[in-house]
Amino acid sequence: MKVAFEKGLAQSEKAYNQLTEISSLFAKIVTEEFLSTWQWWFGLALFIVPWIVWFRLRKKDSTGRLLLGGLLTIILSLTIDLAALSLGLWSYPMVIIPLAPFLFLPYHFSLAPVAVMLALQFKPKMNPLLKGILFSSIAAFGGMNFFNAIDFYNPKNWSTLYDFIIFLTFYYSAYAVTKIESYTKLDKGKI
């Protein structure tokens, strides 16, 4: 039993060393191949511009609720992407930030959360079922196909319908947390 554990530790360390080599290779690719391309600068802008737009357009008295929905979207996006990437279901050929290239993507930290937050605050009285379907259709069939066309996303054999379901999950999860009524200030009431 102890021998198997020790062997597992050695193999795990070997895998981490290979991962470090892969990260170094991604850093080299970014600095030598991507940095001077319009695609890299576009990808960098995708980290920054959506947040500027959201900051200007956000419903200021709902900022906390919206940010909670955005944070949940980031967590779900990262979790789903890491699982799918490790299973080889899709890939992101365009690397923007070489540090943890599978984690630091504009989809996770900017595009998905900002799009969900803007969708939540736009026409708040609209039927949430219809709104979620509309949002997910635009994100999956428009957004993901656009990123596939410019080589930011490689769906391999992944169906856009599955992307639609993922975006539907993002939207309704964020919608649910923004509807929580139990927000109160921490300095009020008892522990």
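Visitor: What is the overall make-up of the protein chain?

Guide: The chain in this predicted model has six helices and zero strands. Reading along the sequence gives the pattern α-α-α-α-α-α. The C-alpha trace spans about 55 × 50 × 30 Å along its principal axes, and buried residues make up 34% of the 191 residues.

Visitor: What share of the contacts with a separation of 6 or more comes from residues 24 or more positions apart?

Guide: Such pairs account for 75% of those contacts.

Visitor: Let's turn to helix α4. What makes α4 largely enclosed by the rest of the structure?

Guide: Twelve of the 16 residues of α4 are buried, so the helix is largely enclosed. Among the buried residues are P106, Y107, H108, A112, V116 and A119. The elements covering them include α2, α3, α5 and α6.

Visitor: Why does P106 count as buried?

Guide: Buried means under 20% relative accessible area. P106 has 1% relative accessibility, so P106 counts as buried. This residue lies in helix α4 and touches G43, L46, F47, I96 and L111, leaving out residues up to four places away in sequence. K59, by contrast, is 47 residues from P106 in sequence and 23 Å from it in space, C-alpha to C-alpha.

Visitor: Why is α4 called roughly antiparallel to α5?

Guide: Helix α4 (residues 106–121) and helix α5 (residues 128–149) pack at an angle of about 150 degrees, with their axes 11 Å apart. That angle makes α4 roughly antiparallel to α5, because angles over 145 degrees count as roughly antiparallel. The crossing of α4 past α5 is right-handed.

Visitor: Which residues make the contact between α4 and α5?

Guide: From α4 come Y107, L111, A115, V116, A119, L120 and Q121, while K131, F135 and F147 come from α5. Sorted by class, the contact of α4 with α5 has eight nonpolar, one polar and one charged residues.

Visitor: And why is α4 called oblique to α6?

Guide: Helices α4 and α6 pack at an angle of about 60 degrees, and their axes are 10 Å apart. That makes α4 oblique to α6. Angles under 35 degrees count as roughly parallel, and 65 to 115 as roughly perpendicular, so an angle falling between those ranges is oblique. The crossing of α4 and α6 is right-handed.

Visitor: Which residues of α4 and α6 meet?

Guide: A112, V116, A119 and L120 of α4 meet F170, Y171, A174, Y175 and T178 of α6. By class, this contact of α4 with α6 has eight nonpolar, one polar and no charged residues.

Visitor: How do you know whether A174 is buried or exposed?

Guide: The cut-off for buried is under 20% relative accessible area. A174 has a relative accessible area of 0%, so A174 is buried. This residue is found in helix α6. Setting aside neighbours within four places in sequence, A174 is in contact with G69, L72, T73, V116 and L120.

Visitor: How far is A174 from L67 in sequence and in space?

Guide: A174 and L67 are 107 residues apart in sequence and 9.3 Å apart in space, C-alpha to C-alpha.

Visitor: How does the reach of helix α3 compare with the span expected?

Guide: Helix α3 (residues 63–86) has 24 residues and reaches 34 Å from its first C-alpha to its last, close to the 34 Å expected at 1.5 Å a residue. Its buried residues include T63, L66, G69, G70 and T73. Among the elements covering the buried residues of α3 are α2 (38–57), α4 and α6 (160–178).

Visitor: What is the phi of G88, which follows α3?

Guide: The phi of G88 is positive, near 75 degrees.

Notes:
Residues are numbered from 1 along each chain as its sequence is written. This is a predicted model: local features need pLDDT of at least 70, side-chain atom pairs count only at pLDDT 80 or more; totals for chains, interfaces and linings use all residues. Side-chain values use heavy atoms; hydrogens and water are left out. Axes are lines fitted to C-alpha atoms, for helices over the stretch in contact, and angles run from 0 to 180 degrees between N-to-C directions. Helices (H or I, at least four residues) and strands (E, at least two) are DSSP runs, numbered from the N terminus. A crossing is left-handed if the near helix is turned anticlockwise from the far one by less than a right angle, and right-handed if clockwise. Contact means heavy atoms within 4.5 Å. Ala, Val, Leu, Ile, Met, Phe, Trp, Tyr, Cys and Pro count as nonpolar, Asp, Glu, Lys and Arg as charged, and the others, Gly among them, as polar. Buried means under 20% relative accessible area, exposed over 50%, partly exposed in between (1.4 Å probe, protein chains only). The expected span of a helix is 1.5 Å times one less than its number of residues.
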